[in-house]
Amino acid sequence: MANENPEVVVAPVVENGGAELSSKGKEEQSLESELSKKLEITEDGKEENNEEAEGSKAETSTTTKKKKKKNKSKKKPQQTDPPTIPVVKLFPSGDFPEGEIQQYKDDNLWRTTSEEKRELERLHKPIYNSVRQAAEVHRQVRKYVRSIVKPGMLMTDICETLEDTVRKLISENGLKAGIAFPTGCSLNWVAAHWTPNSGDKTVLQYDDVMKLDFGTHIDGHIVDCAFTVAFNPMYDPLLAASREATYTGIKEAGIDVRLCDIGAAIQEVMESYEVEINGKVFPVKSIRNLNGHSIGPYQIHAGKSVPIVKGGEQTKMEEGEFYAIETFGSTGKGFVREDLECSHYMKNFDAGHVPLRLPRAKQLLATINNNFSTLAFCRRYLDRIGETKYLMALKNLCDAGIVQPYPPLCDVKGSYVSQYEHTILLRPTCKEVVSKGDDY
């Protein structure tokens, strides 16, 4: 304020000296009053500016707080422990995470940058998203189950806990979303297709080797994925053999790749391992009559087999196909046979109309069509939906060729079998391991 320059006012010249003095005095008074007014206006303006600045600061602070509150409210929902929140609620956008992406090799490298192939993928996005949702459910369920499984548990409890968790996370909805096939929890020399029937009292032991093989599906798009549980570390090399063999099969798979070449690569890795069990060394063998397989909508085995030994068929993999790449390593003969009580069944995918005499068989077939269609089921699932005294009718459906039984597959008694499996998708531009997770 002290540095500001006031305006200079020039007084008119008057001849009368007294009048001149009087007029000068008036002019000086008016000049002072003008200066004081200017000072008041300037001070008022500054005060107003200060008030406005403080007001704007307060307003900005309030807006920031509001933004922070909004951000907190939009925080991504987290899964509970144990898992209970449907996966669809954890991904409000409706887009589910991709699996592991692997690039094609050699003659198929051009696919990565092909705009035509990218457009083809955009057209298939709804299918990809469905199978990714099923895969995310699989990852979350197996993570939980691996954390709770321990020796001393009833096999029935393990399976029912797993299946109930799948039903919650996938928002089970008839044939649109749910379990793709019964939970396989085959022990030791039993390689596949064993799940406890109602009343089974089998208990998991510390020295058991358990294969947990279960599937999820959205709109019939199936994720088939398996792993092995063993508490005793002496089995670690056996588990490593099948795990690494499965990774090898995935790596070798691709568009125009011959199935027999994949089998040869798998066998080479599998049989490079050996395992010492109770002081005795066993070579790990690929089970030669078990295979991976192609997967179709509502069809777990869609026609093509992926061998795990050399010398298989010359058929090629094709663009757009889904495959379950699975391997079985055994300390036994490396050959399985059907044995033990049957639990797994599945309606034949190509079964046409077959006349049935027994009314009970007709009724059971209607139940199977409504609840499972061509997806695999087990006797526990029939019990769960209220079916009773159905064994004769079920046998009749099997004898008529409408339903196919899948008894447990066993190597020699006393041997041990491990299994690992992933579902892969041969996309037009790349290979996606849809079921891949942080665990394996």
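Leaving aside neighbours within four places in sequence, His301 is in contact (heavy atoms within 4.5 Å) with His293 and Ser294. The model is predicted, so that local features need pLDDT of at least 70 and side-chain atom pairs count only at pLDDT 80 or more, while totals for chains, interfaces and linings use all residues. Residues are numbered from 1 along each chain as its sequence is written, and side-chain values use heavy atoms, with hydrogens and water left out.

His301 lies in the loop between strand E9 (291-295) and strand E10 (305-307); strands are DSSP runs of E with at least two residues, and helices are runs of H or I with at least four, numbered from the N terminus. With a relative accessible area of 37%, His301 is partly exposed, a class between buried (under 20%) and exposed (over 50%), for a 1.4 Å probe and protein chains only.

An unreviewed UniProt entry lists His193 and His301 under "binding site"; such annotations may be inferred rather than shown by experiment. Although spread over 109 residues of sequence, the two cluster in space, with a largest C-alpha distance of 13.8 Å. His193 is placed in the loop between strand E3 (190-192) and strand E4 (209-218), and is partly exposed at 23% relative accessible area. Beyond four places in sequence, the residues touched by His193 include Ser343, His344 and Tyr406.
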